[in-house]
Amino acid sequence: LCFVNDRFDEEISKASKTRKGMRWYDREYVLPDFASTFRGSVRLPEPLKRKHEAEEMKKIEDEMDALNEEQERAEVAEEAQQLVDDSEEAAANENAGNGGKKRPEPEPKKGKKRKRKSGKKKSVADDDDDNDAEENDSDEETDHQRLKRLKAEREAERRRREREAAEQQSLALSVERFAVSEVLFRPSDIGLGAGGVAEAV
């Protein structure tokens with residue numbers, strides 16, 4: 001929990017300019033309640049925890065954006081290659097003397113078919129079939145749906161942790177984590193006249 005900081009003066013100066021709970025060394029020591037827990041534990045303060053979660057979500061979003069861009073580039077390259085293949089095939093047919101014959105048309109690209117609305121009223125059986133089809137389509141989760149689900153799960157987890165944290169007693173520790181160990185090197189800070197570790201070696 002405590003550590004030696006070789007930049008003590010610099011970190012103390014920065015601590016006065018940074019809000020408590022947002023410093024990289026800020027922690028909370030959770031006291032045991034001696035009912036369900038008999039040992040203390042260390043956790044991140046809520047502001048620092050939210051900052052880390054926001055950075056993690058930003059990283060996930062950047063990875064998804066990069067993946068989408070890669071898929072788009074792959075689709076564009078595939079379409080371009082298809083056009084080149086079609087033009088080469090057409091040129092080969094003309095050179096083979098098939099000018100009088102009807103040139104084969106390129107195969108249509110496979111894509112999602114749009115459902116056309118008809119004027120006929122759907123029956124109950126048709127509605128059931130449509131619902132089954134929608135359920136089958138919904139089995140495949142898109143990137144947007146996955147990101148939305150992750151955000152909802154993280155928000156629910158954050159609220160649960162906040163409720164649990166509100167029920168626990170904790171001690172906020174900040175510069176104390178490395179200020180305590182300074183006594184080993186400068187005992188005069190607490191009024192002792194003994195020499196420090198560096199002098200004793």
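What share of the 201 residues in the chain is buried? Buried residues make up 17% of them, where buried means under 20% relative accessible area, exposed over 50% and partly exposed in between (1.4 Å probe, protein chains only).

This is a predicted model, in which local features need pLDDT of at least 70 and side-chain atom pairs count only at pLDDT 80 or more, while totals for chains, interfaces and linings use all residues. Residues are numbered from 1 along each chain as its sequence is written, and side-chain values use heavy atoms, with hydrogens and water left out.

View 1. The order along the sequence is α-β-β-α-α-α-β-α-α-α. Helices (H or I, at least four residues) and strands (E, at least two) are DSSP runs, numbered from the N terminus. Of the contacts between residues at least 6 apart in sequence, 62% join residues at least 24 apart; contact means heavy atoms within 4.5 Å. The chain has an accessible surface of about 16600 Å², and carbon and sulfur atoms account for 51% of this. Accessible areas come from the Shrake-Rupley method with a 1.4 Å probe, and for residues only the protein chains shown count as cover.

**View 2. F3, in the segment before α1 (8–15).** F3 counts as partly exposed because its relative accessibility is 23%. Beyond its neighbours within four places in sequence, F3 is in contact with W24, Y25, R177, F178 and S181. E182 is 179 residues from F3 along the chain, and their C-alpha atoms are separated by 9.3 Å.

**View 3. E53, a residue of helix α2.** E53 has 15% relative accessibility and therefore counts as buried. Residues up to four places away in sequence aside, E53 touches R158 and R161.

**View 4. A negative surface patch that includes E78.** The patch is formed by D65, E69, E72, E75, E78 and E79. Patches are made of residues with over 30% relative accessible area and no salt bridge, joining like charges within 9 Å and nonpolar side chains (Val, Leu, Ile, Met, Phe, Trp, Tyr) within 5 Å. A salt bridge is a side-chain nitrogen of Lys or Arg within 4 Å of a carboxyl oxygen of Asp or Glu. E78 lies in helix α2 (residues 46–95) and is exposed, because its relative accessible area is 60%.

**View 5. A nonpolar surface patch that includes F185.** V4, L184, F185, V197 and V201 form the patch, and together they have about 500 Å² of accessible area. F185 belongs to helix α6 (residues 182–185) and, at 37% relative accessibility, counts as partly exposed.

Methods: Lys and Arg count as positive and Asp and Glu as negative; His and the chain ends are not counted. The place of a charge is taken as NZ of Lys, CZ of Arg, CG of Asp or CD of Glu.
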